[in-house]
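Biologist: I've got the sequence and the fold up on my screen. Can you walk me through how it packs?

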Amino acid sequence: MSFSAADLAAVWLTLKLATVTTLVLLLLGTPIAWWLARTQSWLKQPVNAIVALPLVLPPTVLGFYLLVLMGPAGPVGALTLALGLGTLPFTFAGLVVGSTLYSLPFVVQPLQNAFTALGERPLEVAATLRASPWDRFFSVAVPLAYPGFLTAVVLGFAHTVGEFGVVLMVGGSIPGATKVLSIAVYEHVENLEYANAHALAAGLIGFAFIILLLLLLLTGRMEAARRA
Amino acid sequence: MNGIEADLQLSCGDFTLTARFTAPGRGVTALFGASGAGKTLLLRCVAGLQPGVRGHLNITGECWQDSARGYFLAPHRRPVGYVFQEASLFPHLSVRGNLEYGLRRIPVGARSVLPDQAIELLGIGALLTRRPAHLSGGERQRVAIARALLTSPRLLLMDEPLAALDQASKAEILPYFERLHATLSIPVLYVTHAVDEVARLADYLLLLERGKVLAHGPFVEMLTRLDLSLAHGDSAEAVLETQVAAHDAEYRLTYLECASGCFAIPHFDAAIGTRARLRVRARDVSLVLTPPHDTSILNILPVRILAISEDRPGQVMVGLDANGAALLARITQKSLMLLKLEIGQRVYAQIKSVALAE
């Protein structure tokens, strides 16, 4: 059982997409989660619902609208064209946008739970110890919400690796640019190349298992360390 | 003005806090009141932690809030040390990390309390490498106090720091408070619902009831003001400032002296001249018209009746002047009638038992 060059390219592209998406998600999801965990605004539940939408929508629906929005006739597409960036569909950047939206709840929700569990007290204590709001966030909230960040990173990464529908709609299957693992598996099956499909699919199952096991072991160990 | 000047209003649901008072900029000011009176809320307003508070606040000559001109000093810019009811140490940091958290945020030139001093004052030198989870309740609270002190605060805010502790841990911490009081001249606002907790330390008392400052004044005077609920009921007591005059080895007694007279109490170790506060409960004081000679009670003082006020049904509270110091006696309505006691009369107070404040 060996991987073809095209399969290896798909694996590499998938890892790249998942890494970039996870970083974008952390930058985007952390402020959203922080706001959701602490706001009293009536906008809280509507925003919560929007963040959770990708959990219930078929990925093809999300992908379809992204395609329309980012296409040359859509508002986002018009904007990117005007900026001289071309259009996003069928590019790696388009995949990142799609994956980010699709995996958003998997990053925001663990972070939001971790921030909510913190409560006000540690932040108030830090304030009376002269820590400014930013200082409080980085010196108290982040270290105390560490398990939430770990869960968010692992779930965001793994969920991006596992996506199919959004990628298919937004990215198509351009080798080296948008053809990720899940698409490669699909094409192998379409072409009745079961051996190749097995290699990739089994590899993905092993990957998912190891990631989840690591997550559980790490959070368990951190809990133990905190209690010690 | 070097003291604390506050005029703060806050509406929190159906609770309204109206705190208008001044307090001295030195010593311990006790914020006293039943639970739900708004003590913690007031402390949070002073620290700037409570959103929505209006009014103005001046601390030892510095303005921290003045809503009239839209000024509000952010909590992290207020030089306070806040000790919460639960120690609230950062679980992700060691004891040393907790102590350094505030210290590192104070410019070196502005540090008036040094780490060694705070560590030694609170006796936590052996705990520095430990995690908060491995400390006892009393140890945690001592670390929290040291952590607050290391920000070199201009005002120390303590929110019932002993409430969450058992009796043994309380007894363990109190001596540290006393050393703190004696060593550092940082004014303290101390929230409590138990007067005996601060009987040894408090200099000033602020009485809160249902969100309002009912009265404030020097601690020993406030305790005996018959117009306040503090001076009524079973727990009413007077506090006398005395000093150790002599020890009686034969009878195992210590004599304490003050302007009012001399008290004999069970022997305790203290050098002659040591200042000690004596608590005299109103229900332990009875009144006689002539000095009794055949009584087992040792502590008898000549006093003058200042005021008589209703207490529980059938009982009255009598305010007494013992040569400058105030005492309370709770007697029955019947005794009042039989002895024909009236204001201005000179009588003798028989004190059945006294206790050192601790």
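Predicted model: local features only at pLDDT ≥ 70, side-chain atom pairs only at ≥ 80, totals over all residues.

Biologist: Which element gives the largest share of the largest nonpolar core?

Modeller: That core holds 158 residues. Among the members that touch the most others are B:Leu31 and B:Leu206. The largest share, though, is 12 residues, and it comes from H5(A).

Biologist: Is H1(A) parallel or oblique to H5(A)?

Modeller: Take helix H1 (residues 5-38) and helix H5 (residues 92-118), both of chain A: their axes come within 7 Å and cross at roughly 45°. Roughly parallel would need an angle under 35 degrees. So H1(A) is, relative to H5(A), oblique.

Biologist: Which helix gives the most to the side of chain A that touches chain B?

Modeller: There, 16 residues of chain A are in contact with 19 of chain B. Helices H6 (121-128), H7 (133-144) and H11 (194-227) of chain A each give two or more residues to that side. By class, the chain A side has five charged, two polar and nine nonpolar residues. The top contributor, with six residues, is H6(A).

Methods: Residues numbered from 1 in each chain as written. Chains lettered and ligands numbered in written order. Axes fitted to C-alpha atoms, helices over the stretch in contact; angles between N-to-C directions. Helix = DSSP H or I, 4+ residues; strand = E, 2+ residues; numbered from the N terminus. Parallel < 35°, antiparallel > 145°, perpendicular 65-115°, else oblique. Contact = placed C-beta atoms within 7 Å. Nonpolar A, V, L, I, M, F, W, Y, C, P; charged D, E, K, R; others polar. Core = buried A, V, L, I, M, F, W, Y, C linked by C-beta atoms within 7 Å. Buried ≥ 20, exposed ≤ 12 C-beta atoms within 10 Å, placed from the backbone.
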